[in-house]
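I opened my notebook beside the viewer today and went through the fold one contact at a time. Here is what I looked up, in the order I got to it.

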Amino acid sequence: MSAERDIRRRPARAEATTHGPVPPRAGRRAPGRSASFPGVARQTREGAAPESATHCPYCALQCATVLSGGRERTAVRPAADFPVNRGGLCQKGWTAPALLAAPDRLLSPLVRGADGELAPAGWEQALDLVAGRLREISARHGADALAVFGGGGLTNEKAYTLGKFARIALGTAQIDYNGRFCMSSAAAAAGHAFGLDRGLPFPVTDLAEADVILLAGANPAETMPPLMRHLERADLVVIDPRRTRTAESAALHLQPAPGTDLALALGLLHVAVTENLLDTAYVQARTTGFDAAWESCAAWWPERVEEVTGVPVSDLRTAVRLLGGARRAYVLTGRGAEQHSKGSDTVAAFINLALALGLPGRSGRGFGTLTGQGNGQGGREMGQKADQLPGYRSLTDPADRAHIAQVWGVAADALPAPGRSAYELLDSLATPGGPRALLVFGSNPAVSAPRAAHVSERLRALDLLVVADFVPSETAALADVVLPVTQWAEEEGTLTSLEGRVLRRRAHLDPPPGVRTDLEVLHALAVRLGQPAHRFPTRPREVFEELRAASAGARADYSGISYARLDAGEALHWPCPSGDHPGTPRPFLDRFAHPDGRARFAAVDHRPPAQTPGPAFPLYATTGRVLAHYQSGAQTRRVPELMAAAPQAVVEMHPDTARRFHLAEDQLADITSAYGTTRARVRLTRAVRADTVFVPFHFPGAARANLFTGDALDPRSRMPEFKVSAVHVRPAGERP
C-alpha cells in the first residue's frame, strides 16, 4: 500500500462550541485526557538529577529556576542570585512542573488511519510515512509544496536546525514561525532605527534605576510579573485602552481608543518639540532624519490627537514633561502597540519620541521592546523566519547566503529565496500554488492565528499535516501524523532572553519512553530524505557549535559564546564575536549599528485600522493575555491551579456597554465581527472603555478570540492586526 493511502482526508465540521478541550467530531478523536486521545498513558517515574539549574518554560524573562525530585513530584524554586527574577516567580513559573506529569502527555506517534482516527504507531512507521509522503508531494508539486511552521519557544538549537531542515532537506522557501505574530513589528522598526534588532539593548536590571518609564501597550504585571520588581522605583506612564494591573500602579494612565497608538505617539513627539524638550545636541550628533520625521508629525497638535485618541491634552503634556524632565527615562513597547496593520510605524513613532528626548544609546536611558515568547529573541535570529538565515543574516544578501552555504556544505544557489510570512503561509495552504504539506513544531496555529476558523479549514485541507508536540494541542487534533517530543525539563539547549543574554536550558528528567527530541526527529526525517547523517546532528552542544560558526560576523554574532562559558556562569549577551569577548549588554553606548553609527528617525503618519466601528459592528474588540495563562493555552490549560484561576474565556466590558446590549454579569455572549464569532462569559468592569471589549486569546473551540480577528497585515512586518476588530455583542445564540 502506498503512503498516500494510509492518510485519509480530514472531514469538515462546524466549529466547536465548548470552552474546554476540542470535542470529538465524526471520524476523529478529541485531544482530551488519556481516555479520549490514543497514545496517552500514565507515565512512570523517570530518573532525575538531584537538582538542576535551568529556566522557566514560559516568557522571555527566562526566570532562573532550580528543579528537584522525580517526574510525579518535581519541585521548583526560583534561583535567588539571577538578576532578572531575583528570587521570584509568577504563578505560571511556580506551577510549571505540573506539565511534566500531564495526564494526556503524548507518549507514542499517532497516525490517522483509514477510519479517519488517530491511532498509536511505531516511530519507524510514522517517520517512513512522513518522509514518503513528503517525497511524493515534492515530486508532484515541487519543493515549495512543502512548508514548515516553527515557534518562538523552541531552543536556539531547534530553531536553527528547523530552518536548515526546511531549506536543505526539503529545499523549500516556505518556512515561518509564530514569532511573526509577536515581535515582527518591533523588529522591523528597531532594525530600521538602530541597524540591529535586540528587544532590550540593555539589561533588565537597568530599569530598576529609572525615574520614569513609558509603557506603550505592555501589561507586565500580568504577562511577566517578576519584571515589576524592576519598575517599582519609576513613575510609570502606561498607554493601554484597558486599566490593567500595570495601569493601576502607574503615575499616569493614557487610555486611547484601540488602533490610535500611532496618532498618540505622533502627538507626544509634537509636544516634546513645541515645548522645547528636544535634545538638540543628541539629535545632531547621533541621529539622522529628524526633519522628515518632524514634518510628518507637525500636523498632530495635541487637540487633534485628543479628538482621534480620546486622550486629554493635559495628559499628553504631562506624559512628555515627565519623560523629558527625568534624568533616567525609558520608552518600552509591547504587543498592544505592535500587533496592528501599522505596528511597525507605531513602534517607529515611539522610537522617534525616544530619539528626540535623547534616550537610546545612553547609560541609564533607552528604548526597548518587551519580547513575549520564551525564546522570542533567539527564535527570530536563528533562521526559522521566512526571510532570514542564522545570525540575523539575510536570504537576499549574496555574502550572507555564501557564508551559510559554506557552513552547511551546500552551494549558495541551492538556498531558496524568501518565502511567505506566517499568516500568508497559513492562508495559502492547499490552495493553487500553495503548500500541500505542513510540518508544525512548537506552535498551535489553530488557536493562535488570526481568522482561526479559516486557518483551521486550511489545515484540514492539506494532503499532509504533521505536528510535533508534547501535548495534544488543537492543531495536533487536526494532524495526519503526531510526533511526541520532549519538553523543557527533559532537554538541553540554549535560549536568548529579552535582553539578548544567552542562557542554558538543562535537562532534569529523562524523556519518557516513546518520546524523542525535536533534533532527533529532524535528523531522522532528513536522513530519510537523502541527507547525510552528519549534516543534522542530534546533540544540542554540537548544533550550537555549528550555530556559532553560522552566526560569526553577523549582526547576531554568537561565535564567542560556548556551552563551557555559559556553564561557568558567564553572563553573555550577543554580539559576542570571540571567546575572550565579554559580550555586549549595552550595544549602542558608543554608536548605533548602521555604517555611519547614527540612529534613524522614521517619517510615519497615522492611518485608521482595517476595521473601524460602524452601525453593524459598533464596538472595538481587543485581545490579550491574562495572568494565569500563556499564549494559546495548550500548556497552561493543563495545569489545574491555573485553570482554577482562569477556567474559561471571558469578555470584559463596561457596565454601560452591557446594559446597551442587554447583557449581564456571567451571561454567555457572542462577540461577532465580519470574520467570525467568539463565545465568552461577560465580565463587567470599569477598567475598559465603554466603546471597547476585551477577550483573552488562550482558549479553544468557540472561545477562540481569533475567530473574530481579521487578516489585515502590516505592509513591512506582515504582522496581523490582532489588537483591533470591529464587533457586535449580543446574548449567545441570539440572531441579529
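Entry 1: I needed a cut-off first: angles under 35 degrees count as roughly parallel, over 145 as roughly antiparallel, 65 to 115 as roughly perpendicular, and the rest as oblique. I also reminded myself that this is a predicted model.

**Entry 2: H2 against H19.** I began with helix H2 (residues 123-141) and helix H19 (residues 518-528), whose axes cross at roughly 50° and come within 9 Å. By the rule above, H2 and H19 are therefore oblique to each other. I noted the crossing of H2 past H19 as right-handed. Then I listed who touches whom: H2 brings Trp123, Glu124, Leu127, Asp128, Val130, Ala131 and Arg135, while H19 brings Val521, Ala524, Leu525 and Arg528. Sorted by class, the contact of H2 with H19 holds 7 nonpolar and 4 charged residues, with no polar ones.

**Entry 3: H7 against H10.** My next question was at what angle H7 and H10 pack. Helix H7 (residues 261-274) and helix H10 (residues 302-309) make an angle of about 160°, and their axes are 9 Å apart. H7 and H10 are therefore roughly antiparallel to each other. For the handedness of this crossing of H7 and H10 I wrote down left-handed. On the H7 side I found Ala263, Leu264, Gly267, His270 and Val271, and they meet Pro302, Val305, Val308 and Thr309 in H10. The contact of H7 with H10 has 6 nonpolar and 3 polar residues and no charged ones.

**Entry 4: H7 again, now with H11.** I stayed on H7 and turned to helix H11 (residues 313-325). The axes of H7 and H11 cross at roughly 65° and come within 9 Å. This crossing of H7 and H11 is right-handed. Here H7 contributes Leu264, Leu268, Val271 and Ala272, and H11 contributes Leu316, Arg317, Ala319 and Val320. I counted the classes for the contact of H7 with H11 as 7 nonpolar, no polar and 1 charged.

Entry 5: I moved on to the strands and traced an open sheet of 7 strands in the order S5-S4-S18-S17-S16-S6-S7, with mixed pairing. Strand S5 (118-120) and strand S7 (175-177) stand at its edges with a single partner strand each, so one side of each has no neighbour in the sheet. On average, neighbouring strands of this sheet are turned by 15° against each other, direction ignored. Inside the sheet I checked strand S4 (residues 110-112) and strand S18 (residues 481-484), which run antiparallel and are joined by 2 bridges. Val111 stands opposite Val481 in S18. I also found helix H3 (residues 156-170) lying across strand S6 (146-150), S7 and strand S16 (437-441), and running at about 175° to S6.

**Entry 6: the sheet of 5 strands.** A second look gave me an open sheet of 5 strands, ordered S10-S9-S8-S12-S13, with parallel pairing. Strand S10 (252-254) and S13 are at the edges, each with a single partner strand, so one side of each is left without a neighbour in the sheet. Between strand S9 (residues 235-239) and S10 I found 3 bridges, with the strands paired in the parallel sense. Ile239 has Leu254 in S10 as its bridge partner.

**Entry 7: aromatic rings.** How many aromatic pairs does the structure hold? I got 12 aromatic pairs. I picked out Phe194 and Phe367, whose ring centres are 6.2 Å apart and whose planes stand at 45°, so the pair is tilted. The pair links distant parts of the chain, with Phe194 in helix H4 (residues 184-194) and Phe367 in strand S13 (residues 366-369), 173 residues apart.

Entry 8: The peptide bond from Trp574 to Pro575 is cis, with omega near -5°, and Pro575 sits in the loop between helix H21 (563-567) and strand S21 (599-600). Arg86 is not a glycine, yet it has a positive phi of about 45°. I placed Arg86 in the loop between strand S3 (75-78) and helix H1 (91-95).

Conventions: Residues numbered from 1 in each chain as written. Predicted model: local features only at pLDDT ≥ 70, side-chain atom pairs only at ≥ 80, totals over all residues. Heavy atoms only, no water. Axes fitted to C-alpha atoms, helices over the stretch in contact; angles between N-to-C directions. Helix = DSSP H or I, 4+ residues; strand = E, 2+ residues; numbered from the N terminus. Left-handed = near helix turned anticlockwise from the far one by under 90°. Contact = heavy atoms within 4.5 Å. Nonpolar A, V, L, I, M, F, W, Y, C, P; charged D, E, K, R; others polar. Pairing = 2+ DSSP bridges. Phe/Tyr/Trp six-rings, centres within 6.5 Å; stacked < 30°, edge-to-face > 60°.
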